Amino acid sequence: PERVVKDLPHLEMIESSDTCFAPSKVRKTFSNGRTPTQLCRLLEAGMNLANGSRCCSLTGKDITFVAKVDSSTLLRKPALKWLKGKWLDLGSKAGKHLQFKESYDRDSKVLVDGDAGGYRCEVTAKDKCDSCTFDITVEAFTGMGEAGEDEGELDFSGLLKKRSESVLLLREKKQEEPKEEVDVWSILKKAKPCDYEKIAFQYGITDLRGMLKRLKKMKVEPKKCDAFLKKLEAAYSVDKGKKIQLTVEVANPDAQIKWLKNGTEIKPSAKYVFESVGNKRKLTINKCTLADDAAYECVIGEDKSFTEVFVKEPPVTITKLLDDLHVVVEDKVEFEVEVSEEGANVKWMKDGVELARDGKYRFKKDGKKHWLIINEASKEDIGMYYVFTNGGESKAELEVEDKELEVLQSIADLTVKAAEQAIFKCEVSDEKVTGKWYKDGVEVKASNRIKMVHIGRIHKLTIDDVKAEDAGDYTFVPDGYALSLSAKLNFLEIKIDYVPRQDPPKIHLDTTGSMVNKNTIIVVAGNKLRLDVEISGEPAPTVCWTKGDNVRKCCGPAWAEYTAPPSVHLWLLPQVITETEGRVRVDNRKTLSSFVIEGAERGDEGRYTITVTNPAGEDKAELFIKVVDVPDPPEGVKCMGVGEDTATIIWEPPKFDGGSPIKGYLMERKKVGSSRWTKLNFDIYESTSYEAKKMIEGVLYEMRVFAVNGIGVSQPSCSSKPFMPIAPTSEPTRLTVDDVMDSACMLKWRPPDKIGAGGIDGYIIEYRKEGDTEWIQANSEPVEKNSYTVRGLPTGEKMEFRVMAVNIAGPVARGLTGRSLSNECPQFQLLPRQLEHSFTHKHTHTQSLLDIAQGKPRPVVNWFKDDEPLDPKKVSVRTTEVDTILFIRSAERDHSGTYTLSVQIENMEDKASFEIRVVEKPGPPLAVRVTDVWGFNAALEWKPPKDNGNSDISGYIIQKADKKTKEWFMVYEHNRRPNCTVSDLVMGNEYVFRIFSENICGLSDEAGLSKNTAVIAKTGLAYNRPPYKEKDLNTSPKFTQPLQDRSVIAGYSTAISCSVRGRPKPKIIWMKNKTIIGEDPKYLMQNNQGVLTLHIRKPSLFDGGNYSCKAVNELGEDVVECKLEVRGASATRSPVAAVLLMHDG
């Protein structure tokens, strides 16, 4: 409560005329949630104010009131407001009748002239508010005529309005003086609500709202509480960062209670600790912050106990003072100060005037540091600067000196001729310094001929067309500096006899820029071309631009519209360009001729000639202007073939490349019927054929192509004819000759294994003689059947046939090409010839071989193994009309050999032989041994396995293992030689090795182990172990948890605790007020593994004081202290409670 009162503005009414006034009521409003009645009572207790009184004045007299505001603790000026009655703001009525005057030198004074009635003065500063009220009674006087003119004008309307009221008040005052004091509140308690306003007016109560609030509280009879034996105290105070304990005693030990903070229930946590000891209920708030400054209540059923906790915030002190600064003009100034709390508010002042945040001053803070920043210091910033907090202040002086001006370049003397230009130039170190130019002591004024320029640090005086009167001494004087720079201008006069001059014309052609080579200019179609050609010559030459050459053409019959004889020649004269306006025009000046083409077109390309002439001669230059454009679109876009989701597109390059080589093409496609084109490539494609992918089978598509050159992209080509991607079918299978006649042959085949979405519309059969390259189509229309008779064949020739499947995409796959056939009878064919080589098969696998034998009549088939008939117990043979099958169910090594198939028709025979080799895993290598050991290496040798599994050995696998772990690790894989060297062996280990052989079937089942081992000997290294050093764990005593200040009630046992560590175990000494506590039965000292506790049995008021605990051992000592406050157990009211009772009374 003391802090709250201290921070508020203190408003006090003092005597200014014949009558003294004091505040009759004080009201304050806070943002922390406290009720206005409680704060009002606390404030009255702190300010010790008396009740208000009335002022009586004569009609027509002046009356003055002075309000003094104590705002020494405020950072800003408070706001004052004068009110009449409840709501009338006198500030809006100011004039000759009501006058206000206000001054602020840490005090505020207001002067008011007023009429009869109730008045109130309010003062506010941020969230703090104070007010006082007073009444004015105006009495009539009879000596009005005796007043002089200086008495001032009277407000007769106000006098007439308030006259009856003033007379009544005076009569009541006279009647009340001999009477005893009346208790207004007892009258109000008994009166009806409709009479409240009348009673308030009769007894001078102006604040009706405050009266009703107080009357409402007085009418509520306090309810007797049976749930609490002892309630919470009216208020508690605690320092920020400390802990506080709220205690109540309940009548029922088993009663359930709730703790509320500002009406919100509190949940147990590390910050809020609930305790229940017998009839006592305690709430402990640890590490209090400003957020804990609130109203608390304890609730048991419908009974409540209220209190308020005030958290005292320590004053903010300055830990790092301001330093004096010495700078020059325009330097940046930073005053830095450091305070004790983060986020604290500070106030900056200069020479007693508070500084505000504007363009000149900037305030910055970061944690505990605060800065005052002046971006560009000036002479006006010289002075003493102060910084204030609520707990301290600091000051520093700022000195600002002028910046010295340095001359970087001085002006120099000039000697010029008539009509020439004279330039005086100087450079100084400061860009913002201005100055003036003087000639012979007279300031130079700017004109059309004389110009003065200031750019950065450079000052320049330019005199055009120098004349004789311009000669003299010129001086530059910087403003604000005792400095001057001088130079002299000398005029040189030369007399020359004029002789007319004639120079031949000359064209100065610039061949840089857009010219590819000399005299060739490239322009993009649609762009503007402007060619500026400088010319010279005296007198000024005449310029003529022409397009084209003098070309002689021979006129002959090729010209249909020209009928001249062939001997006549036609000269094509160049076109003269004389237009000065239009798309193609010429702009001529004295020394410059410009040729302009607006929006270049292809027709503007050609050779141009510029000719300049004057009496002294002629000059000519030729230019070739090349117009480049985007190319024409490609032509002839068409589809050459389709696949399941692909299509091959080809096209022809554009006829005109736009004057620039074609770089490539861009392709787009779309579905037929759709308007959205899809880009197929983003990078330029250089070829004229493209395979489009990721299309949908069976959907019609269209394609178009763009050409790209160095200028841009052409218009799109015409769309291709619609095409449909179709999946290709596979080849027809099993093409056979079913019958052979004199001039015909009957063929049979089977459909393709894979048929696409296009299906099959039929088959095309082609034939040719053996050795020919050209195929002849046998049928004009596709046949749907899988057989066909080819007629018209030559007799006695060997023929070849093939079959193609046809669908909507055309012939999409070719059939098998048959063997050469003869139409002589009988005949046979043996397929396939690829059986004439050896077959390798793994042991125990099933083996079947198919041999196709064809011929007519049916041939006789015989099988042989190694030129002997087959054993039917080992090998099975099955022969049909079109093939023969050799079947081995479980292949063994004995089945290996050469098999021969013999096919015989009458006296004709054909044979085919092949070899079958059955293989299996090889055996292990033999005679594995270690032949040599050196360093960390070992050499191994072995012999190939005795059984190679009927297959060549492809390599060996070498593994190693040390005899300690006996774990095998890979060394080499697929080693082809029967020896190797093993490296990177570990010193001190003994190794054994094993080797697997490998062939086409895999690794051998067993490995060959080395007969001897490889021992990698040590080199005699000795390990010197460092001596063991025992760690010293002895430490001096140090308290890990200090003692905490306690506040207890007399008669209730308490304890204080701390914790300490140290080795050897320290000796513990407890002291009270620096006196050792002996074997007093009142105290019980415990030490549980470093946790020290001092129990105090039923402390009295004399047991309060400073308690300390000291821990001592041979390495040092440590001490912690705390303060124990013992409060009396009697139910005395606190000062705050006394204030509340006084206010209610």
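## A lysine in a loop

Lys 287 sits in the loop that connects strand S14 (280-285) with strand S15 (294-300). Strands here are DSSP runs of E with at least two residues, and they are numbered from the N terminus. Although Lys 287 is not a glycine, its phi is positive, at about 50°. Lys 287 counts as exposed because its relative accessibility is 64%; exposed means over 50% relative accessible area, buried means under 20%, and partly exposed lies in between (1.4 Å probe, protein chains only).

## How to read this model

The model is predicted, so local features need pLDDT of at least 70 and side-chain atom pairs count only at pLDDT 80 or more, while totals for chains, interfaces and linings use all residues. Residues are numbered from 1 along each chain as its sequence is written, and side-chain values use heavy atoms, leaving out hydrogens and water.

Let us turn to a pair of strands. Strand S71 (residues 955-962) and strand S72 (residues 969-975) run antiparallel and are joined by 4 bridges; two strands pair if DSSP finds at least two bridges between them. Tyr 956, for instance, has Asn 975 in S72 as its bridge partner. Together S71 and S72 form a hairpin, with 6 residues between them. In the turn, Lys 966 has a positive phi of about 60°.

Asn 950 is placed in the loop between strand S70 (937-943) and S71. Its phi is near 60°, a positive value in a residue other than glycine. With 22% relative accessibility, Asn 950 counts as partly exposed.

## Salt bridges

Side chains of opposite charge can pair when their charged atoms come close. A salt bridge is a side-chain nitrogen of Lys or Arg within 4 Å of a carboxyl oxygen of Asp or Glu, and by this rule the count comes to 33 salt bridges. One of them links the side chains of Lys 267 and Glu 265, at 3.8 Å from N to O. Lys 267 is exposed at 56% relative accessibility, whereas Glu 265, with a relative accessible area of 38%, is partly exposed. Elsewhere, Lys 261, Lys 271 and Asp 292 are linked in a network of salt bridges.

In another pair, Glu 668 meets Arg 704, and their closest N and O atoms are 2.8 Å apart. Glu 668 belongs to strand S48 (residues 662-671) and Arg 704 to strand S51 (residues 701-709), so this pair ties together parts that are 36 residues apart in sequence. Both Glu 668 and Arg 704 are buried. The side chains of Glu 920 and Arg 893 also form a salt bridge, at 2.5 Å from N to O. Glu 920 lies in the loop between strand S68 (908-919) and strand S69 (926-934), and Arg 893 in the loop between strand S66 (883-888) and strand S67 (897-905), so the pair ties together parts that are 27 residues apart in sequence. Glu 920 is partly exposed at 24% relative accessibility, and Arg 893 is partly exposed with a relative accessible area of 30%.

## A negative patch

On the surface, Asp 323, Asp 324, Glu 397, Glu 399, Glu 401 and Glu 404 gather in a patch of negative charge. Patches are made of residues with over 30% relative accessible area and no salt bridge, with like charges joined within 9 Å. The place of a charge is taken as CG of Asp or CD of Glu. Glu 401 is partly exposed, with a relative accessible area of 41%.

## Two cis prolines

Two peptide bonds deserve a look as well. The bond from Glu 538 to Pro 539 is cis, with omega near 0°, and Pro 539 is found in the loop between strand S37 (529-538) and strand S38 (542-547). The bond from Arg 1063 to Pro 1064 is also cis, with omega near 0°. Pro 1064 lies in the loop between strand S80 (1054-1063) and strand S81 (1067-1072).

## Two buried strand residues

Val 790 is part of strand S56 (residues 787-791) and counts as buried at 1% relative accessibility. Val 790 and Gln 777 are 13 residues apart in sequence, and their C-alpha atoms are 9.8 Å apart in space.

Cys 426 has its place in strand S28 (residues 422-428). At 0% relative accessibility, Cys 426 counts as buried. The C-alpha atoms of Cys 426 and Gln 409 are separated by 5.1 Å, with the two residues 17 residues apart along the chain.

Technical notes: Patch = residues over 30% accessible without salt bridge, like charges linked within 9 Å, V, L, I, M, F, W, Y side chains within 5 Å. Areas by Shrake-Rupley, 256 points an atom, 1.4 Å probe, with all protein chains shown as cover. Lys, Arg positive; Asp, Glu negative; His and termini not counted.
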